[in-house]
Structures are given as structure tokens and as C-alpha cells.
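Here is my note on the model you sent.

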Amino acid sequence: MTYPDRVTITESSSRDGLQSLGAFVPTEAKAGLIDDLATAGLKSFDAVSFVSPKWVPQMADGAEVIAAVHSDGPRLIGLVPNMQGLENAVAAGLTDVAVLAAASDTFSQRNINASVDEAMHRIRRIVLEGPVDLTYRAYVSTATHCPYEGEQDPDWVAHLAETLVEWGVEEVFLGETIGMATPAHVGRLLDEVLGLVPVDRVGVHFHDTYGQAVANTVVALERGIDKMDASAGGLGGCPYAPGATGNVATEDLLWLLDGLGIKHGVDLAAVAEVAQRFCLDHDLTYNSRAGKAASAASPSSG
Ligand code: HMG
Ligand code: MG
């Protein structure tokens, strides 16, 4: 087991971080968050969703957010749950999209009104019929635990991941949607998934509800995974996973990576400053322990 030399962090705060909030965050503030985090060194963003505004009102302005981002160069990914979402993402000028699979039928049904089987067929259609120059990421949500059905079978998740890669999905992200998994669960899951899918096609998306996300990230790094999502200030959750909190805080992940000597190209203090200001402006709780500690150690940065 050797750690990767460098990892790519995809910043999820503007999408996963905001999607469950009641009060609508204005378009300019969402785009500003992406711009400011890009200035802090982040180069890949789980930026917006193209989902039904009736289901997730907070994400109703996906196209406008993309148009309002000033930064040149960061990879902007749009979440698409179906063909209509794909068309809207393409019309917004995106070339990177994320499609939604899940291990659990109940979660999939509540999240996108489709069984796992139906969701997989939607993805197949999207990849087959979508423009050829698109890059596809697929999430397999509830990869270890479902809020409705409990623990999931790693074999089943590995089978879904393998199928998605066979269909032409470049990256499969294992979504630990509700943040219950411990390193033991993640180890068992990765043993199965990496038995079927090359490590360079696998990423992880850990929520931190039970405080296990950093420990779980170490397990992923030990297995050579170099792609991971995180959310500045630990913002986030899923509207269809009650009680789940945000992703691993970007700042906490950066502190871990620095300690392990793994390169990432991101400025922890700058991320903390951006996220703290954003939380203050929008009356949100700032949830990064490393960010709080770094700001306390050098108050001028936060
Ligand atoms: P549905 O009701 O079955 O859709 O919802 P439908 O096809 O029957 O259409 C009904 C209406 O929705 C129609 O409008 C469509 O035009 C519209 P009407 O004729 O009634 O005016 N519609 C759309 N509008 C905008 N964009 C679209 C779209 N599709 C249909 N793409 C649907 C199905 C998937 C749309 C719905 O269930 C939905 O939007 N779900 C939201 C899912 C979501 O955003 N969940 C949170 C993100 S997933 C997540 O957070 C997990 C992740 O972080 C990983 C992890 O943590 O594990 C990624
Ligand atoms: Mg999530």
C-alpha cells in the first residue's frame, strides 16, 4: 500500500454544500464561492445541478451560476439526473457531467424517482446518446449505507461500478451519502470495487456525519485512490438523506494530505478564509476543525 504522490480534489461546496439549504443563496454568491475557491487553488468543482427546481429549489439556477463564474480554467461539473438535465447542462456550456446511480432502491427512488435498475438504464442512455465530447462521472450513492435500507453489499456496489465503467463512464465516485461508514466498511468496499475497476477510474465522496471521513480518506489513499470530493467549511448534505451532514471539509482533507506529504496545490488558509466569510454572509455553521484551528493560529487569515 503506497499513497499517491498527488491527489485531485473536487470541491463540492457550491452543489452538495448548498443543495439542502432552505434559504436561496443568490446566483452571484454561488459563482463567487467557486471563483474564490479557484483562487485558493482548487481546479475541479462539483459546481451545480440540473435537476427539477420543484425537487431541489436551491439548485434552480445552475445555468446562471455557470455563466456568472469568472475564473478561467477550473473544471466545472454539472450533476444531471436524466436526459433533460443533460440537455440543460450542455446548453449551459458544460463538458463535464455527473450522473446518478445508487446501491439502494429506496434511496434512488426518493432521490431521482427511479429504481436502481431504471437509474442505470437512464445513465446508459445518457452516455450512448449524449454528445461524444462529454466527460462522465458517475456517483454510486449509498455505497456503504442507505438511510432507509441500512448497510449495503460491497459486491453489489462493485458490480454497479464495473458496469458503469464498461459503459464509458470515466470516473466512478463511491458516495458515502450519510457518513456512517468507518474505515472497516470502506476497506471492505474498496477491496471489492478495486477487484473489478482500475484504481485510476475510482474516486471517493465521503460525508462526515459520524466524524469518520478523514479516517475513511486514509483508507482510500492507502489503496491508491487519488480523486476525492470535499466541501469547504464542511458545508452540505443531501435533501433525500435525512440527518446527513456535509462532505469531509476541504480544509480537514488538506491538513491530512499535508501531513502525509501528498501534493494537492491548494492553500488551506485561503480556503478557510473564503469558507468562513461565506458562512458568515449566509448565516451558516462553519464546520472545519482544521480551518478553525488554522485561523486561530494565524488570526489575520481568518
Ligand atoms: P420526476 O418528477 O420523475 O420527473 O423527477 P419527470 O420526468 O416526471 O418530470 C416532471 C417535471 O419535472 C416536468 O416538468 C419536467 O420537465 C421536470 P412539468 O412538466 O411538471 O413542468 N424535469 C426537470 N426539470 C429540470 N431539470 C431536470 C428535469 N427533469 C424533469 N433535469 C427528477 C425526476 C430526477 C427530475 C427529480 O427526481 C429530481 O430532480 N431529483 C433531484 C435529485 C437531487 O438533486 N438530489 C440531490 C443530489 S444527489 C446527492 O446529493 C448525492 C451525491 O452527493 C453523492 C452522495 O452523497 O452519495 C451526488
Ligand atoms: Mg453527497
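**Notes on the predicted model**

1. Threonine 142 counts as buried, because its relative accessibility is 0%. This is a predicted model, so that value is computed from predicted coordinates. Threonine 142 sits in the loop between strand 5 and strand 6 (145–146). Its phi is positive, about 50°, although threonine 142 is not a glycine. Check this backbone setting first.

2. Serine 141 belongs to strand 5 (residues 135–141). Its relative accessibility is 12%, so serine 141 counts as buried. Leaving out residues up to four places away in sequence, serine 141 touches Ala101, Ala102, Ala103, Phe107, Gly175 and Thr177.

3. Asparagine 113 also has a positive phi, here about 60°, and is not a glycine. Its place is the loop between helix 4 and helix 5. Buried or partly exposed: which class does asparagine 113 fall into? Asparagine 113 counts as partly exposed, because its relative accessibility is 48%.

4. Helix 4 (residues 105–112) and helix 5 (residues 116–129) have axes 8 Å apart, at an angle of about 60°. That angle makes helix 4 oblique to helix 5. Helix 4 brings Asp105, Ser108 and Ile112 to the contact, and helix 5 brings Val116, Ala119 and Arg122. By class, the contact of helix 4 with helix 5 has three nonpolar, one polar and two charged residues.

5. Now the metal site. Which residues coordinate the magnesium ion (ligand 2)? The donors are Asp16 through OD, His205 through NE2 and His207 through NE2, at 2.1 to 2.3 Å. Their spacing in sequence is D-x188-H-x1-H. Aspartate 16 and histidine 205 link distant parts of the chain, being 189 residues apart. Aspartate 16 is in the loop between strand 1 (8–11) and helix 1 (27–39), whereas histidine 205 is in strand 9 (residues 202–206). Both aspartate 16 and histidine 205 are buried.

6. Serine 12 is buried, because its relative accessible area is 0%. Residues up to four places away in sequence aside, serine 12 touches Gly17, Asp46, His205, Asp229, Ala230, Ser231 and Asn247.

7. Next, helix 8 (residues 213–222) and helix 9 (residues 250–260). Their axes come within 10 Å and cross at roughly 45°. That makes helix 8 oblique to helix 9. The crossing of helix 8 and helix 9 is right-handed. From helix 8, the contact takes Val214, Thr217, Val218 and Leu221; from helix 9, Asp252, Leu253, Leu256, Leu257 and Leu260. By class, the contact of helix 8 with helix 9 has seven nonpolar, one polar and one charged residues.

8. At what angle do helix 10 (residues 268–281) and helix 11 (residues 289–297) pack? The angle is about 100°, and the axes of helix 10 and helix 11 are 9 Å apart. That makes helix 10 roughly perpendicular to helix 11. Leu268, Ala272 and Gln276 in helix 10 meet Ala290, Gly291, Lys292, Ala294 and Ser295 in helix 11. The contact of helix 10 with helix 11 divides into four nonpolar, three polar and one charged residues.

9. Glutamate 192 is found in helix 7 (residues 183–196). Its relative accessible area is 34%, so glutamate 192 is partly exposed. Neighbours within four places in sequence aside, glutamate 192 is in contact with Pro154, Asp155 and Ala158. From glutamate 192 to glycine 62 the C-alpha to C-alpha separation is 35 Å in space, and the two are 130 residues apart in sequence.

10. Last, alanine 91 of helix 3 (residues 83–91). Alanine 91 counts as exposed, because its relative accessibility is 70%. Alanine 91 and alanine 63 are 28 residues apart in sequence, with 8.1 Å between their C-alpha atoms.

Notes: Residues are numbered from 1 along each chain as its sequence is written. Chains are lettered from A and ligands numbered from 1 in the order in which they are written. This is a predicted model: local features need pLDDT of at least 70, side-chain atom pairs count only at pLDDT 80 or more; totals for chains, interfaces and linings use all residues. Side-chain values use heavy atoms; hydrogens and water are left out. Axes are lines fitted to C-alpha atoms, for helices over the stretch in contact, and angles run from 0 to 180 degrees between N-to-C directions. Helices (H or I, at least four residues) and strands (E, at least two) are DSSP runs, numbered from the N terminus. Angles under 35 degrees count as roughly parallel, over 145 as roughly antiparallel, 65 to 115 as roughly perpendicular and the rest as oblique. A crossing is left-handed if the near helix is turned anticlockwise from the far one by less than a right angle, and right-handed if clockwise. Contact means heavy atoms within 4.5 Å. Ala, Val, Leu, Ile, Met, Phe, Trp, Tyr, Cys and Pro count as nonpolar, Asp, Glu, Lys and Arg as charged, and the others, Gly among them, as polar. Donors are N, O and S atoms within 2.8 Å of the metal (3.2 Å for Na, K and Ca); water is not among the atoms, so sites may look incomplete. Buried means under 20% relative accessible area, exposed over 50%, partly exposed in between (1.4 Å probe, protein chains only).
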